[in-house]
Amino acid sequence: MARSRKQVAQINVVPMIDVMLVLLVIFMVTAPFINPAQVELPSVGRTSQTPSQPLEIIIKESGEYVVRDRAQGGAGRQVAAADLADEVAALHRASPEQAVVIAADKNVRYDEVMKTMTLLQREQITRIGLLARPAP
């Protein structure tokens, strides 16, 4: 009497339960050591001070520099390249939170813009940006 063996079509879940219990223990042990990140969200009306207008350095195609303080609404004054660092540093010392933006003519070499940024960074000015006007 030969018996034919029939294949069992069931999943053995005992090893899977063992793995899940080990993972549960690992997560339970490591959970107290994880510090959740805290995100400071802005709130409406939190600051009473409006952001100041930036100090603008305009580099013309001819190589001239014009420094304009938007906070004072001036038209700007032409500054020699050698005096640019002193002029901007003096204005920045008066209001250290004021950002400085560089607006260059589209035909100015990018090297001139980088030299100006390096010059500003040497004067310990950290809030530097590039001013771009969108095409019409």
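Which helix holds both Lys-115 and Asp-111, and how many residues apart are they? Both lie in helix 3 (residues 110-122), four residues apart, about one turn of the helix. Helices (H or I, at least four residues) and strands (E, at least two) are DSSP runs, numbered from the N terminus.

This is a predicted model: local features need pLDDT of at least 70, side-chain atom pairs count only at pLDDT 80 or more, and totals for chains, interfaces and linings use all residues. Residues are numbered from 1 along each chain as its sequence is written, and side-chain values use heavy atoms, with hydrogens and water left out.

**Stop one: helix 3**

Select Lys-115 and Asp-111. They form a salt bridge, with the closest N and O atoms 3.4 Å apart. A salt bridge here is a side-chain nitrogen of Lys or Arg within 4 Å of a carboxyl oxygen of Asp or Glu. Lys-115 is partly exposed at 48% relative accessible area. Asp-111 is partly exposed too, at 37%. The cut-offs: buried is under 20%, exposed is over 50%, partly exposed is in between (1.4 Å probe, protein chains only).

Shared partners join Asp-111, Glu-112 and Lys-115 into one network.

**Stop two: strand 3 and helix 2**

Select Arg-77 and Glu-87. Their salt bridge has its closest N and O atoms 2.1 Å apart. Arg-77 lies in strand 3 (residues 77-79) and Glu-87 in helix 2 (residues 84-94), so the pair ties together parts ten residues apart in sequence. Arg-77 is partly exposed at 42%; Glu-87 is partly exposed at 22%.

The model's count is four salt bridges.
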